Amino acid sequence: MIKAVYFDLFFTLIIPSYEKINNEYDILHLSMTEWENYAENDMLYQERALGQVKSEMEIIDRIVSVIPFQVNDIQKKQILSAREKRMKNALHNVPEDMIDVLKILKNRKIKIGLISNADIIDCKYWGESKLAFFFDDVIFSCNVGFLKPDRQIYELAMQNLKVLPDESLFVGDGGSNELFGAKSAGMKTIFTEALENKNGEKRNNIMKYADYHIKKFAEILKYV
């Protein structure tokens, strides 16, 4: 019997989409791909998502330090503002069908948890989101020092809600090898493409660790 459902955040519940203009990459006259090659550098992402970077501006400083041209202080502030706005907008614009599912889970007395790889900018506006009301426990990697798919982050989540692995269901889009991590911790897993479809090879790799696969968010309710 499932007593707790755990959700990933990005591309599972929200998508931090870029605006049409005035994005981080526009400020530096880069393409989105060029910007993300710098901003999502594995080493830089890991250090901030593990909580090793302690301020929002330090995150921006670390990103622009790997860009091969000078970025001035005004541009850095503009980049930070654009990045915060993008994350805030994503957390404010949650699809209503997701809210409806969370309401049903609450009404069924199912505990709801979040397990997200995130830095301090990513989660800064969580408390303002409509999502926050429904969650009994929230784990952001930058606050605990563990990243998915490390088994410890899932075990911490289950300890916090006082549930056993076979009472736990993890829902995610499969990024960061998160379904493998959840399975290794003993959870049942749902691979969701409700917000973003994966390509064939990527989907096949994720499916190896998925107990269930859904295309519509409401399908979660069939497995609870």
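For sorting residues by type, Ala, Val, Leu, Ile, Met, Phe, Trp, Tyr, Cys and Pro count as nonpolar, Asp, Glu, Lys and Arg as charged, and the others, Gly among them, as polar. Welcome to a predicted model, where local features need pLDDT of at least 70, side-chain atom pairs count only at pLDDT 80 or more, and totals for chains, interfaces and linings use all residues. Residues are numbered from 1 along each chain as its sequence is written, and side-chain values use heavy atoms, with hydrogens and water left out.

**View 1. The largest pocket has a volume of about 900 Å³.** On a 1 Å grid over the protein atoms alone, a pocket is an open set of points with protein on both sides within 12 Å along at least five of seven lines, whereas a cavity is a set of points where a 1.4 Å probe fits but cannot get out; lining residues have an atom within 4 Å of a point. Grid points are joined across faces, edges and corners, and a volume is the space filled by probe spheres set on the points. Of the 32 residues that line the largest pocket, Phe 10, Phe 11, Glu 40, Tyr 45 and Ser 176 lie nearest its centre. H2, H3, H5 and helix H10 (200-207) each give two or more residues to this lining; helices (H or I, at least four residues) and strands (E, at least two) are DSSP runs, numbered from the N terminus. H3 gives the most, with four residues. By type, the lining divides into 10 nonpolar, seven polar and 15 charged residues.

**View 2. Asn 117 lies in the loop between E2 and strand E3 (137-140).** Is Asn 117 buried or exposed? Asn 117 counts as buried because its relative accessibility is 7%; buried means under 20% relative accessible area, exposed over 50%, and partly exposed in between (1.4 Å probe, protein chains only). The side chain of Asn 117 reaches the backbone nitrogen of Lys 148 at 2.8 Å, and a polar contact of 3.5 Å joins it to the side chain of Ser 176. A polar contact is a pair of N or O atoms within 3.5 Å; within protein, one must be able to donate a hydrogen and the other to accept it, and residues adjacent in sequence count only if both atoms are side-chain atoms. Beyond its neighbours within four places in sequence, Asn 117 is in contact (heavy atoms within 4.5 Å) with Phe 10, Tyr 45, Ser 141, Leu 147, Lys 148 and Ser 176.

**View 3. The largest nonpolar core has 53 residues.** A nonpolar core is a set of buried Ala, Val, Leu, Ile, Met, Phe, Trp, Tyr and Cys residues joined through side-chain atoms within 4.5 Å. Phe 7, Leu 9, Leu 13, Trp 35, Leu 131 and Phe 135 touch the most other members. Among the elements that supply at least two residues are strand E1 (4-7), helix H6 (96-107) and strand E4 (168-172), while the largest share, six residues, comes from H5. Not counting residues up to four places away in sequence, Leu 131 touches Leu 9, Leu 13, Ile 14, Val 94, Ile 99, Leu 102 and Trp 126. A second, separate core of 18 residues includes Ile 139, Ile 153, Phe 170 and Ala 182.

**View 4. One cavity of 30 Å³ or more is found in the structure.** Which residues line the largest cavity? They are Leu 44, Glu 47, Arg 48, Val 53, Ile 59, Arg 62 and Ile 63. Helix H3 (42-49) and helix H4 (56-64) are the elements that give two or more residues to this lining. Its residues divide into four nonpolar, no polar and three charged.

**View 5. The backbone at Pro 149, His 29 and Lys 162 is worth a look.** Most residues other than glycine have a negative phi, and most peptide bonds are trans. The peptide bond from Lys 148 to Pro 149 is cis, with omega near 15 degrees, and Pro 149 lies in the loop between helix H7 (141-144) and H8. His 29, in the loop between H1 and H2, has a positive phi near 55 degrees and counts as exposed at 72% relative accessibility. Lys 162, in the loop between H8 and E4, has a positive phi of about 55 degrees and is exposed, with a relative accessible area of 70%.
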